[in-house]
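Hi,

Here is the structure I promised to pass along. Have a look at it first, and then read on for what turned up.

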Amino acid sequence: MSPGLARLAGNAALRFGRQRAEARARRGADWRSDFLAPPLRLAPRGKELVARHWLEGRTLERGRKVAWVTSGAPAEVLKALGYFVVYPENHGAICGAARMAVDLCSRAEDAGYSRDLCSYVRTDLGTLRSGRTPVGRVPPPDLLLACTNICQTVLGWYRVLAHHFRVPLLLIDTPFLYNEDASQHAVAYVRRQIEQAVSVAERIAGESLDESRLRETGRLSRLASHLWMEIMRCNVHRPAPISVIDQFTHMAPVVEMRGDPATVDFYAAVLLEVQGRIASGTGAVHRERKRLLWDNLPIWYALRSVAERLGEHGIALAASTYTNAWGELADLIDPDEPFESMARTYLYPILNRGAGHKLATMRAMIETYALDGVILHSDRSCKPYSIGQLDQRDHLIRDLGTPALLLEADHNDARVYAEEQVAGRLDAFVEMLEV
Amino acid sequence: MTDHALPVIPRRSEVARAHRRAGGRVAAVLPIHYPRALLRAFDILSIEVWGPPGVDTGRGMTHLQPYVCSIVRNALAFLENGGLDVADLLLVPHACDSLQGLGSLLLDFVRPRHLVLPFYLPRADGAQGREFLSEELRALRGRLEQETGRSPSDGDLLEAVRREEAADGCLARLHAERESLALDEVEFYRLVRAREFLPLEDFTRLANAGLALRRREGRPGIPLILSGIVPEPMDVLRAIGDLGGRVVADDLAACGRRLYPPGGSEEPCARLAESLLAGPPDSTRGASVEDRLRHLRALAGRTGAAGVVFLGVKFCEPELFYLPQLRDGLLQAGLRSLVLEVDLNDPLSRQTLTRLEAFLEMMA
């Protein structure tokens, strides 16, 4: 079957699957919870959108180039050059949510990779070795783009990928911002790297970058980020209409399909639905009594169990520093000054800034969303996000009087997740919140 | 053992106190790459902090999770226990996520009485990296002028750079001639690691004394390359000798990966940047798998090493990534390898010794 036909058939199957899921959701057939509201009505459409993305990856037209990029990389230039863009981190998250990650991690460990490496890395390297993936097939890259603004881990990870696939690796190195703004020479350094990356990407794509297309991609990227931020901001209302668990589920498009018109359409629709929930007084948690902030990546394999345990007590996870990170920089994106604004935007993600900045962000979110406490997921696989949390917790408790709990886990590797211990700590925290 | 003696090497704290008594300042410097000459031009002596091993980490644990490596954890505990009181400032080069986190913690939460200066080392290759690093060094220079009230001229700074380059040349000679030196493993590493804290004049004297100690006969043992971050615990070195091995070359971030060639420019910051970025490939600088493999193979070719011992510090992510590829690539070149993992606070385990013994027996 030709790629075009396969995609046509695949899209029809996905549409059918979505319609069935919508019908089941309307009947309430799949939802069993006394404490949590069902997922958004648009959830099947979000799932379809992401599935279509991976379907496209499996059925690419001959000659279309593929780039694998880190989640914080300036992918807009690659999109504008027509690349199909794959985010291995997102793939890792999908594997985690599908509970395939432990098996895949083990495959990587069998090949000699240490259990002390990030579990996203091990998950993806496990897929590389075994071919196993919940998305059918991940198209191999013609180009790799890694940006160090989320961690140094990506540097080692993408070097390994470059060695494996024997394809060029473009590196965008973003100097870490300790407790001050980016220096002029840091901005210039990042900008020069992006410009140089473009010339290599053009050579591999076999075409020149069309600036109007880049501007349009930037505009869509900014629009999607704005809409995403608006959706999250709906949670200033009580009860919070969209839980952080739903946010985690629906953030995939703003990460991996930033710059696509379909992403903008999807978030515009989600915003309407969430606003509808506000109008009808529907909360993500029935009888919401307390509202919490979640810090760090999700525990993909335990999202539901954590939400249920809290929801049982009328506690909503109403905001998250992680989902917030995909919207908070929207204003920095300037489609008319693409290179300069990309250099700035990609220097300022929360993970490229100091621990004090994260604490300030948390304080602001506690105020904005009227939150009653904070859960800090101490993620064994994400040191840049986790180092600083012990002090952040102490400051939240001491300076703001905000209860804060440190929860030891790992975003993808369930083997380090002690379910009973987590449950016990959550229960103790709930008592402290005086629910 | 050898039938001679090197001059006594003073302790880091003694050296620091002596420098302060003479009116200078002291910088406690965290791993790995940094501009020693720039500090020295301001009469600031750099004393490197690699852990140190065996620190009571109780206080460090109040800021850091247990999955952070012992180099970072111990450094923070050492600071909190007063071990760095002799220092006027802390320089925190950016080497990895954990050291980045430590710098951030120091600035935002721990807030020691010292001035804390972070320093970003670029990962980009070529002109972009050099240009950025030159600017970063100029910014650091400006900050040091502000803090010390001193303003060394370009000429002064260039002179300081050249003097440190000469001392680096001595260090490189020690490494290149280690097989003919009448020093055992521990003595050799004490000598080369004196570069981490001695003023260049003292180090050069010491290095020359070491270079004068020539071995009359070849060293016995299976020739090995030691790769990793830092040669700690020192018992590893003793064990390698006792079990029938000998280290003929190293690829350690604290040692062999810091054999910087001189820069070429006449502008001091540009020259420093050229030198710092031209060192051997280092995982913490994002060197590629191919560059690291090529380097290890070349080291083996030059020194006749028959195998590589990767001495990893638990939780050190940058060192962990390439192990499968490096080991495969080394094996293809006929070089066997062994991965050992240590924590700076733990004694060498029986299991580690057994694995080392089995490795050396297999190679014999």
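**Salt bridges and sheets**

Arg166(A) counts as exposed, because its relative accessibility is 59%. Keep in mind that this is a predicted model. The side chain of Arg166(A) meets that of Glu290(B) in a salt bridge, at 3.5 Å from N to O. Since Arg166(A) is in the loop between helix H7 (153-165) and strand S4 (169-172) of chain A, while Glu290(B) is in helix H11 of chain B, the pair joins two chains. Glu290(B) comes out as partly exposed, with 26% relative accessibility.

As background, side chains of opposite charge can pair when their charged atoms come close.

Two others are worth a click. In chain A, Asp116(A) and Arg380(A) form a salt bridge of 3.2 Å, N to O. Asp116(A) sits in the loop between helix H5 (101-110) and helix H6 (119-130) of chain A, and Arg380(A) in the loop between strand S7 (373-379) and helix H17 (383-386) of chain A, so this pair ties together parts 264 residues apart in sequence. Asp116(A) is buried, at 6% relative accessibility, whereas Arg380(A) is partly exposed at 25%.

In chain B, look at Glu196(B) and Arg12(B), whose closest N and O atoms are 2.8 Å apart in a salt bridge. This one also links distant parts of the chain, 184 residues apart: Glu196(B) is in the loop between helix H7 (185-193) and helix H8 (200-212) of chain B, and Arg12(B) is in helix H1 (residues 12-21) of chain B. Glu196(B) is buried, with a relative accessible area of 1%, and Arg12(B) is partly exposed at 26% relative accessibility. There is also a network in chain B, where salt bridges with shared partners join Arg36(B), Glu48(B), Glu164(B), Asp168(B), Arg195(B) and Arg258(B).

Now for the sheets in chain B. One is an open sheet of four strands in the order S2-S1-S3-S4 (chain B), with parallel pairing. Strand S2 (44-48) and strand S4 (115-119) of chain B are its edges, each pairing on one side only. From one strand to the next, the twist averages 25°. Strand S1 (residues 25-29) and strand S3 (residues 89-93) of chain B run parallel and are joined by three bridges, and Ala27(B) stands opposite Leu89(B) in S3(B). H1(B) packs on this sheet, touching S1 and S2 of chain B, at about 170° to the direction of S2(B). Helix H5 (residues 126-148) of chain B lies across S1, S2, S3 and S4 of chain B, running at about 170° to S4(B).

Another open sheet has four strands in the order S6-S5-S7-S8 (chain B), again paired in parallel. Strand S6 (245-252) and strand S8 (336-342) of chain B each have a single partner strand, so one side of each has no neighbour in the sheet. S7 (residues 307-313) and S8 of chain B run parallel, joined by seven bridges, with Val308(B) opposite Ser337(B) in S8(B). Helix H13 (residues 323-332) of chain B lies across S7 and S8 of chain B, at about 150° to S8(B).

Finally, back in chain A, Met1(A), Leu5(A) and Leu8(A) make a nonpolar surface patch of about 400 Å².

Cheers

Methods
Residues numbered from 1 in each chain as written. Chains lettered and ligands numbered in written order. Predicted model: local features only at pLDDT ≥ 70, side-chain atom pairs only at ≥ 80, totals over all residues. Heavy atoms only, no water. Pairing = 2+ DSSP bridges. Contact = heavy atoms within 4.5 Å. Axes fitted to C-alpha atoms, helices over the stretch in contact; angles between N-to-C directions. Patch = residues over 30% accessible without salt bridge, like charges linked within 9 Å, V, L, I, M, F, W, Y side chains within 5 Å. Areas by Shrake-Rupley, 256 points an atom, 1.4 Å probe, with all protein chains shown as cover. Salt bridge = Lys/Arg side-chain N within 4 Å of Asp/Glu carboxyl O. Buried < 20%, exposed > 50% of the residue type's maximum accessible area, 1.4 Å probe, protein only.
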